[in-house]
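Have a look at it first, then read on.

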Amino acid sequence: MSRIASTALAVTGLLGGYATGRATKKRPLAAVVLGTAGTGAFLLWKKDAGTTKAIALISDYLGGFGASHPLAKKIGAWPAVNSVTAGVAILSLLLGGSDKNQEELS
């Protein structure tokens, strides 16, 4: 179940961070949402999948956040955020748990 929880936290961080920043016009508040959810996801990934996979997943999370900015100039803000969020979610579902917990996806 925590593979789903870590994925939900990552999705919440990316979508919620962008939505918070857009609604409030306060980037620091958006960063709090992004950082808090990302930290929670990282801790669950580390517990379930190990440190190496957790580092890879948080790198993808932060890389997706960074990539959404130039991508937004090409396809729009929400489509960019949705695209990188989908990528992070898929990787989290695939890599975010140990092999012994593979039955969660079955």
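## A nonpolar patch on the surface

Let's start on the outside. I90, L91, L94 and L95 make up a nonpolar patch on the surface, and together they have about 340 Å² of accessible area. One of these residues, I90, sits in helix α4. Keep in mind as you look around that this is a predicted model.

## The largest pocket

Next comes the largest pocket, which holds about 490 Å³ of space. It is lined by 21 residues, and those closest to the pocket's centre are G17, Y18, R27, F65 and H69.

Helix α1 gives the largest share of the lining, with six residues. Sorted by class, the lining is made of 11 nonpolar, six polar and four charged residues.

## One salt bridge

How many salt bridges does the structure hold? There is one, and it pairs D48 with K47, whose closest N and O atoms are 3.6 Å apart. As a general point, side chains of opposite charge can pair when their charged atoms come close.

Are the two partners buried or exposed? D48 counts as buried because its relative accessible area is 10%, and the cut-off for buried is under 20%. K47 has a relative accessible area of 63%, so it counts as exposed, the cut-off there being over 50%.

K47 is part of helix α2.

## A loop residue with a positive phi

Now move to the loop between α1 and α2, where you'll find K25. Its backbone is worth a look: K25 has a positive phi of about 60°, although this residue is not a glycine. K25 is exposed, because its relative accessibility is 70%.

G64 lies in helix α3, and with a relative accessible area of 8% it is buried. What separates G64 from S83 in sequence and in space? The two are 19 residues apart along the chain, with 8.9 Å from C-alpha to C-alpha.

L9 belongs to helix α1. Its relative accessible area is 29%, so L9 counts as partly exposed; that label covers values between the buried and exposed cut-offs. From L9 to L71 there are 62 residues in sequence and 22 Å in space, again C-alpha to C-alpha.

## A quick look back

The structure's one salt bridge joins D48 and K47, and K25 stands in the loop between α1 and α2 with its positive phi.

Conventions
Residues are numbered from 1 along each chain as its sequence is written. This is a predicted model: local features need pLDDT of at least 70, side-chain atom pairs count only at pLDDT 80 or more; totals for chains, interfaces and linings use all residues. Side-chain values use heavy atoms; hydrogens and water are left out. On a 1 Å grid over the protein atoms alone, a cavity is a set of points where a 1.4 Å probe fits but cannot get out, and a pocket is an open set with protein on both sides within 12 Å along at least five of seven lines; lining residues have an atom within 4 Å of a point. Grid points are joined across faces, edges and corners, and a volume is the space filled by probe spheres set on the points. Helices (H or I, at least four residues) and strands (E, at least two) are DSSP runs, numbered from the N terminus. Ala, Val, Leu, Ile, Met, Phe, Trp, Tyr, Cys and Pro count as nonpolar, Asp, Glu, Lys and Arg as charged, and the others, Gly among them, as polar. Patches are made of residues with over 30% relative accessible area and no salt bridge: like charges are joined within 9 Å, nonpolar side chains (Val, Leu, Ile, Met, Phe, Trp, Tyr) within 5 Å. Accessible areas come from the Shrake-Rupley method with a 1.4 Å probe; for residues, only the protein chains shown count as cover. A salt bridge is a side-chain nitrogen of Lys or Arg within 4 Å of a carboxyl oxygen of Asp or Glu. Buried means under 20% relative accessible area, exposed over 50%, partly exposed in between (1.4 Å probe, protein chains only).
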